[in-house]
Amino acid sequence: MKLYGFGPAASAQRVRVFLAEKGLDIPTEQLNVRDDDQFAAAFTAMNPFHCVPFLELEDGTVIAESVSICRYLEELHPEPALFGRTAVERAVIDMWLRRFELDGLVPMVHAVRNHVPMFAGKVVPGTRTDLPQLPAMVIRGKELMEILLGRVEPHIARSEFVAGPEFTIADITGFFAIRLTRVLEMDIATRYPAVANWFAKVSARPTFQF
């Protein structure tokens with residue numbers, strides 16, 4: 001088993017946090033995506049979506065999505081349970097995981113890639129295109145995050161973690177979605193104090209010290 005990643009990439013960091021929370025150590029090869037290492041023929045054959053991280057198994061199977069990698073590792077190493085233990089726990093965790101991914105992380109990724117000059121020509125993850133950066137996508141991404149935060153605020157005010165009393169994969173994904181608000185200078189602490197307190201608590205975990 002071998003993991004391919006890039007240290008600064010948020011998606012790779014999501015898996016790194018998951019591994020740390022599990023106490024797992026997997027051989028990892030760093031691909032410098034800024035130098036387009038992932039587009040080399042050998043890596044394209046393994047992962048045609050050209051995004052990191054991706055996990056190569058002993059039989060040659062390649063798993064190329066962060067949460068899918070984490071789900072696979074959870075099956076092999078069920079404790080501590082970051083996807084839940086019972087049917088209800090798994091469903092609730094998956095519900096919050098999808099909320100933060102679909103309503104927060106994805107819109108914010110596109111907002112950041114359409115805002116930060118470094119991502120010119122790279123607005124779609126895993127591509128090198130001439131698609132222009134669109135300010136409207138930045139505005140819409142922030143608007144969508146505001147809607148999500150407004151819904152999460154009262155929930156997290158009465159919950160220890162995103163999906164209940166225990167830390168889960170939903171907290172890992174939520175952390176990286178909220179962290180992107182800093183890039184766009186969104187004021188979280190003033191308008192969403194419960195979210196800000198949760199974010200600070202998660203940030204203080206040893207596994208999040210990059």
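Predicted model: local features only at pLDDT ≥ 70, side-chain atom pairs only at ≥ 80, totals over all residues.

Trainee: Where is His50 placed in the chain?

Mentor: Look at the loop between α2 (41-46) and β3 (54-56); His50 is in there.

Trainee: And is His50 buried or exposed?

Mentor: Buried. The cut-off for that is under 20% relative accessible area, and His50 has 14% relative accessibility, so it counts as buried.

Trainee: What is His50 in contact with, leaving aside its neighbours within four places in sequence?

Mentor: With those neighbours set aside, you get Gln38, Phe39, Thr44 and Gly126.

Trainee: Let's switch to Glu56. Which strand is Glu56 found in?

Mentor: Glu56 belongs to β3. With a relative accessible area of 24%, Glu56 is partly exposed.

Trainee: Which side chain makes a polar contact with the side chain of Glu56?

Mentor: Tyr4 does, at 3.2 Å from side chain to side chain. Leaving out neighbours within four places in sequence, Glu56 has other contacts too, including Met1, Lys2, Met46 and Val62.

Trainee: How far apart are Glu56 and Met46?

Mentor: Ten residues in sequence, and 8.2 Å in space from C-alpha to C-alpha.

Trainee: Zooming out now, how many helices and strands does the chain have?

Mentor: Eight helices and four strands. Going along the sequence, they come in the pattern β-α-β-α-β-β-α-α-α-α-α-α. The radius of gyration is 17 Å, close to the 17 Å from the globule rule for 210 residues, so the chain is as compact as a globular protein of that length.

Trainee: What share of the residues is buried?

Mentor: Buried residues are 46% of the 210 in the chain. As for contacts with a separation of 6 or more, 66% of them are between residues 24 or more positions apart.

Trainee: Last one: how many positive and negative side chains are there?

Mentor: There are 22 positive and 26 negative ones, and the centres of the two sets are 5 Å apart.

Methods: Residues numbered from 1 in each chain as written. Heavy atoms only, no water. Helix = DSSP H or I, 4+ residues; strand = E, 2+ residues; numbered from the N terminus. Buried < 20%, exposed > 50% of the residue type's maximum accessible area, 1.4 Å probe, protein only. Contact = heavy atoms within 4.5 Å. Rg over C-alpha atoms; globule rule 2.2 N^0.38 Å. Lys, Arg positive; Asp, Glu negative; His and termini not counted. Charge placed at Lys NZ, Arg CZ, Asp CG, Glu CD. Polar contact = N/O pair within 3.5 Å; in protein donor to acceptor, adjacent residues only side chain to side chain.
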